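Please keep the sequence and the model in view while reading.

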Amino acid sequence: MIIIGIAGGTGSGKTTVVNKIINSLPEGEVAVLPQDSYYKDSSNVPVEERSKINFDEPAAIEWTLLVDQLKQLKEGKSIQMPTYSYLTCTRQPETVKVEPKDVVIVEGILVLTDPVLREMLDIKVFVDAEPDERLIRVIARDCVERGRTPQMVLDRYRGVLKPMHEMYIEPSKKTADLIVPQGGSNVVAIQLLTDYIESRLRRNNK
């Protein structure tokens with residue numbers, strides 16, 4: 001099993017990179033664990049307070065559960081991955097069964113910030129993009145998927161996203177084995193990454 005961590009700022013193109021890796025490998029060979037699935041449950045927080053939760057700091061993630069489930073996959077066991085709702089800011093009762101695969105991708109903005117998780121990663125990738133490009137993508141995504149207005153997104157960007165990016169996410173770039181500039185549009189970098197993954201798989205399967 002090869003475990004790949006893919007990090008980068010909000011709206012940098014991480015999901016595009018993940019999808020291109022999945023599409024380049026044989027069907028059913030990749031399992032994806034989104035960091036967002038492991039946000040701590042906030043159902044004990046009053047509804048009016050949930051909008052103030054900082055989702056962009058490492059303390060928001062239940063790292064111990066993510067690491068434990070990753071270990072189970074390495075041992076050849078299936079897991080029940082949690083699910084999280086951005087609309088209610090709570091963990092959902094439904095879980096998703098994930099089977100062990102030859103390639104496991106852990107994807108999220110903070111993936112390279114946790115030292116325990118980082119030690120488990122065979123390949124550490126940071127997807128980079130210009131701040132204005134990321135902001136445009138975040139506005140488009142949050143207005144459609146998370147019910148926010150453009151002004152709400154801008155206020156959150158100034159108050160939370162930008163300072164947290166500078167404090168946690170950008171510094172984690174130095175721990176990466178590969179930096180992918182221009183996000184998901186960098187065909188050459190993604191091809192190099194997929195070629196390397198395929199060579200590692202061939203070596204592991206000999």
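Strand β1 is covered on both faces, with Ile2, Ile4, Ile6 and Gly8 buried on one side and Ile3, Gly5 and Ala7 buried on the other, where buried means under 20% relative accessible area with a 1.4 Å probe and protein chains only. The model is a predicted one, in which local features need pLDDT of at least 70 and side-chain atom pairs count only at pLDDT 80 or more, while totals for chains, interfaces and linings use all residues. Residues are numbered from 1 along each chain as its sequence is written, and side-chain values use heavy atoms, with hydrogens and water left out.

| Partner of β1 | Sense and bridges | Bridge partners |
|---|---|---|
| β5 (residues 103-107) | parallel, 5 bridges | Ile4 with Ile105 |
| β6 (residues 123-127) | parallel, 5 bridges | Gly8 with Val127 |

Turning to the helices (DSSP runs of H or I, at least four residues), α1 (residues 14-24) packs against α7 (residues 187-204) at an angle of about 45 degrees, with the axes 10 Å apart; these axes are lines fitted to C-alpha atoms over the stretch in contact, and angles run from 0 to 180 degrees between N-to-C directions. In the contact (heavy atoms within 4.5 Å), Val17, Lys20, Ile21 and Ser24 of α1 meet Ile190, Leu193, Thr194, Ile197 and Glu198 of α7.

Definitions and conventions:
Helices (H or I, at least four residues) and strands (E, at least two) are DSSP runs, numbered from the N terminus. Buried means under 20% relative accessible area, exposed over 50%, partly exposed in between (1.4 Å probe, protein chains only). Two strands pair if DSSP finds at least two bridges between them.
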